[in-house]
Amino acid sequence: MTISDDFSDDVYRFIWSIVKSHKSFLYRIGGICNHIHMLVDLNPTVALSSLVRDIKAKSSGWMKSDNRFPLFEGWAREYYASTLSYKDKSTVIQYIINQRIHHNVTDFNTEIEQLCANANLVLHKDDFKL
């Protein structure tokens, strides 16, 4: 629980600059104090793993050195990514916008389980510590 509402926009802007540096487009970013969601149009010349690596490494370095995030120790090793149809874009944007409301009803563990189930993925809890 390390990204306070007071400074979340700063984190989002920092991450947006990384996405732009990868010649990709950030449609939406948002989240709550312990995780974020992004809808990104990934440039076809960019590997998803490279983008995520740079987002995590650069934002971690910045947040650890900034006294506004005293409890931040780093991002989780894991991440979740999936593709979606263009017709689903507005639905996903609304989902990201409504994160605070959503997490008043659904906890993070349940959210991950639902995302994996919706994508027909098997969640191995031994490999993914929630």
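Accessible areas were computed by the Shrake-Rupley method with a 1.4 Å probe, and for residues only the protein chains shown count as cover. On this basis the protein exposes about 8,600 Å², of which carbon and sulfur atoms supply 54%. The model is predicted, so that local features require pLDDT of at least 70 and side-chain atom pairs pLDDT 80 or more, whereas totals for chains, interfaces and linings use all residues. Residues are numbered from 1 along each chain as its sequence is written, and side-chain values use heavy atoms, with hydrogens and water left out.

The protein contains 5 helices and 2 strands, taken as DSSP runs (helices H or I, at least four residues; strands E, at least two) numbered from the N terminus. Their order from the N terminus is α-β-β-α-α-α-α. Along the principal axes, the C-alpha atoms fill a box of roughly 40 × 35 × 30 Å.

Of the 130 residues, 33% are buried (under 20% relative accessible area, 1.4 Å probe, protein chains only). The largest nonpolar core comprises 15 residues; such a core is a set of buried Ala, Val, Leu, Ile, Met, Phe, Trp, Tyr and Cys residues joined through side-chain atoms within 4.5 Å. Val11, Ile15, Val19, Ile55, Met63 and Phe69 have the most contacts inside this core. Helix 1 (8-21), strand 1 (25-32) and helix 2 (48-65) each supply at least two of its residues, and helix 1 provides the largest share, 5 residues.

Ile55 is in contact (heavy atoms within 4.5 Å) with Ile15, Ile18, Val19, Met38, Ser60 and Trp75, residues up to four places away in sequence not being counted.

Definitions and conventions
Buried means under 20% relative accessible area, exposed over 50%, partly exposed in between (1.4 Å probe, protein chains only).
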